[in-house]
Each structure stands twice: as C-alpha cells, then as structure tokens.
Amino acid sequence: MKLRRMAKPGATSSRGPEEQISDILEDDPHVRERGRNLVKNGALNVLATALRLADSDGVRLTVGRILLNLSVDKENRRKILQSGGARTLGEIIRKALSANQSEVDVSILEPIQALAKLAITSSPTQVFGPDSGAVYDAIRPFAILLTHPDSSLLQRFEAIMALTNVSSHGIEAAGRVAQADGLLTKIEFLMLEDHVLIRRAATELICNLVAGSDSVYKRYSDGNAAKSRLHVLVALSDVEDLPTRLAASGALASLTSSPDTCRSLYDLERDHRRILSILTTLIDPSFGSDEPHINASPDPGMVHRGVVCIRNLFINLEPTLRERLKEESDLTGILNVLIAVTEGNAEKPEILQPTAEALKCLMELGLVP
C-alpha cells in the first residue's frame with residue numbers, strides 16, 4: 001500500500017486507511033493476543049517438531065527467535081517451560097556455540113535472551129531441572145549475552161538478571177559466574193551506568209557474588225584496587241534508588257566482616273570525610289545529608305545493613321585506628337542514632353544485637369550520649 005501510494009503523482013506522506021488498520025494490528029495488545037492464541041493452539045509443539053524434522057542453523061535460530069517473541073509476554077513463559085522450551089533453547093544455543101568456537105555470531109543472542117527471560121521469571125531448578133550441571137552450562141551463554149559488543153541494553157539487563165538468579169543457586173554457581181570471562185569487569189562498568197535499572201541490576205549481582213564467591217569477596221576486600229571498588233559501593237549506598245542502596249549496603253555489610261575492608265573504609269573516611277556519614281544515613285535518612293531521599297522513613301532493611309556495617313567497622317578496626325577515628329571525627333551523632341535504633345526495634349533481635357554491640361564499642365571509646 002505504501003509503494004502504491006508513493007508511485008502516484010503528487011503523493012503525500014499521509015497514510016491510507018489500509019495502512020492505519022495494519023498499524024493497529026501491530027500494537028502490543030494485538031500482538032500479545034496473537035501470541036497467546038499461538039501458544040494455546042499448539043505452536044510450542046510445532047516448534048519442537050520442526051527442530052526434529054529439519055535441524056538446520058536457519059530453523060534453529062528461527063525457532064529461538066519465535067520463542068523469544070513469545071516469551072516477551074510473561075503469561076506464556078510458564079507454558080514455554082512446561083513444553084520443554086528451556087531444553088530446546090539450551091540445545092539451540094549449545095549447537096550454535098560449538099559451531100562457532102572462535103567468534104560468537106550476533107544471531108545467537110536472541111535464543112540466549114529468550115532463555116534469560118525464562119531464567120528471570122522462575123528459579124534455576126524450575127528452568128534447568130534438578131541437575132546442577134544444566135544450571136552451570138547456562139552461565140557461559142548469559143555471560144556472552146552480557147559482554148557481546150552487539151548486545152542491546154535490554155539484552156544486557158536481562159543477562160544480568162538471569163545471572164543474579166543463577167548465582168543464588170549456591171556457592172558453586174556463584175563461583176562459576178564470577179569466573180566467566182570478562183564478566184566482572186563488565187558488571188563493574190555497568191554499576192556506574194546512568195540507567196537506573198541497569199545500575200540496580202549490576203549492583204544486585206555484585207551483592208550476590210560478594211556473598212557467594214570467595215574470589216569476589218577478596219576482590220573487594222584485599223589490596224589497593226579493592227579500596228576504589230569499596231568507594232563505589234559506598235557511593236551507591238547513597239543514591240536515591242532504594243533497591244540499589246539495599247544491594248550496595250548489603251555487599252558492604254558482608255565485606256565489613258573483614259578487617260582489611262574496615263581498614264580501607266577508615267582510609268577512605270580520612271580522605272573524603274563521607275564514609276561514616278553515609279553509613280549512618282542508612283539507619284537515619286535525615287542524618288547529615290541533603291540528598292532527595294532524606295525525608296523518607298527508615299527502611300528496616302537499610303537500618304539492619306547500616307547497624308551491621310557500623311558495628312563491624314568499629315569492632316574490626318585496630319584499637320589505635322579506633323582512637324584516631326574518635327579524634328578525627330565527631331562520633332556523637334552516630335551514637336545518638338544507634339540509641340534511637342534500640343528504642344524503636346526492641347522486637348527485632350537481628351537489628352538490636354549489632355546495634356548494642358556497636359554502642360558498647362563506642363562507649364568503650366569514652367563517648368557518652
């Protein structure tokens with residue numbers, strides 16, 4: 001219709017009624033309805049049969065693309081899993097990657113993205129089955145989706161989300177994710193991304209890996225390079241987006257169990273005079289901050305992370321450094337914030353205990369309310 005209209009003398013850019021009808025049929029509700037009708041009427045079985053009868057590169061990649069388009073609708077994902085769609089995608093990806101050992105073709109990104117969508121929605125066991133080997137096999141494709149130079153921002157986001165879910169499968173899974181080629185460097189770069197969702201997802205993955213992988217824990221707690229990474233986590237603990245703050249401060253709560261981390265935070269406090277203030281802001285958003293989130297009510301998760309970080313910092317610092325910190329910084333505000341926590345969280349032992357231990361440490365330094 002467009003070509004016919006353009007061929008007419010004096011053609012204008014306005015569209016005819018036929019094109020307008022076609023455009024309406026391409027909107028999201030109509031596409032979603034067609035996709036659900038396809039799934040309802042057996043399209044998933046047809047795709048599996050097509051692979052068995054004509055197992056060629058073209059058929060495999062087309063099936064992967066169809067499954068990706070169907071999986072955009074979350075309602076279809078459970079049915080795709082029930083029909084064995086995850087196994088189908090895994091086989092498509094495995095054959096494509098084994099055929100291209102040296103260079104990964106951009107065409108394989110769509111089947112990997114389809115598998116990532118399934119891995120985001122359901123637990124690793126539901127997607128890959130009880131065999132942990134199948135979970136581990138998915139790590140390399142997801143890492144490729146994240147690091148491939150031609151992957152879109154959406155594909156990278158969904159790869160991060162899938163890897164976060166996989167890394168929660170256990171210590172072994174988290175360790176294998178951490179070892180994926182180029183993954184950590186890419187994730188740390190995306191933690192500085194302006195896009196809130198990308199930054200949040202990257203920070204949540206790092207939080208999982210810090211808790212589950214010894215190598216990542218060491219990467220963030222040992223050596224001079226760790227200090228700059230810790231500084232990023234502290235900065236992300238002070239952004240406006242609450243889930244990002246929860247993830248970043250959760251990583252800090254784990255890392256501050258290391259005396260090396262606490263020494264690095266002490267050095268950062270001496271250099272920047274902001275570390276203690278930010279950690280205290282986790283507990284009381286109104287404490288010494290002019291950021292947009294200061295008027296928010298304290299989040300219980302943030303309070304828990306804040307008191308654990310402060311407790312760990314003062315307990316794990318060498319006595320001489322604690323004394324220096326007392327001399328160099330005004331700790332009275334922190335003391336008062338911790339006292340307020342004890343008054344408002346009497347029925348939450350997970351918060352009350354580290355708060356009491358932090359208060360004891362501060363009072364042993366000679367601080368009084």
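**Reading the pockets**

Author: By class, nine nonpolar, two polar and five charged residues make up the lining of the largest pocket, where Ala, Val, Leu, Ile, Met, Phe, Trp, Tyr, Cys and Pro count as nonpolar, Asp, Glu, Lys and Arg as charged, and the others, Gly among them, as polar. This is a predicted model, in which local features need pLDDT of at least 70 and side-chain atom pairs count only at pLDDT 80 or more, while totals for chains, interfaces and linings use all residues. Residues are numbered from 1 along each chain as its sequence is written, and side-chain values use heavy atoms, with hydrogens and water left out.

Reader: What volume does the largest pocket have, and which residues are the closest to its centre?

Author: A pocket is an open set of points on a 1 Å grid over the protein atoms alone, where a 1.4 Å probe fits, with protein on both sides within 12 Å along at least five of seven lines, and lining residues have an atom within 4 Å of a point. The volume is the space filled by probe spheres set on the points, which are joined across faces, edges and corners. Here the largest pocket has a volume of about 400 Å³, and of its 16 lining residues the closest to the centre are G90, E91, R94, A134 and D137.

Reader: Which element gives the largest share of that lining?

Author: Helices are DSSP runs (H or I, at least four residues), numbered from the N terminus. In the largest pocket, α7 provides the largest share, eight residues.

Reader: How is the second largest pocket lined?

Author: The second largest pocket, of about 320 Å³, is lined by 13 residues, with V31, R32, G35, N69 and L70 nearest its centre. Its lining takes the most from α3, seven residues.

Conventions. Helix = DSSP H or I, 4+ residues; strand = E, 2+ residues; numbered from the N terminus.
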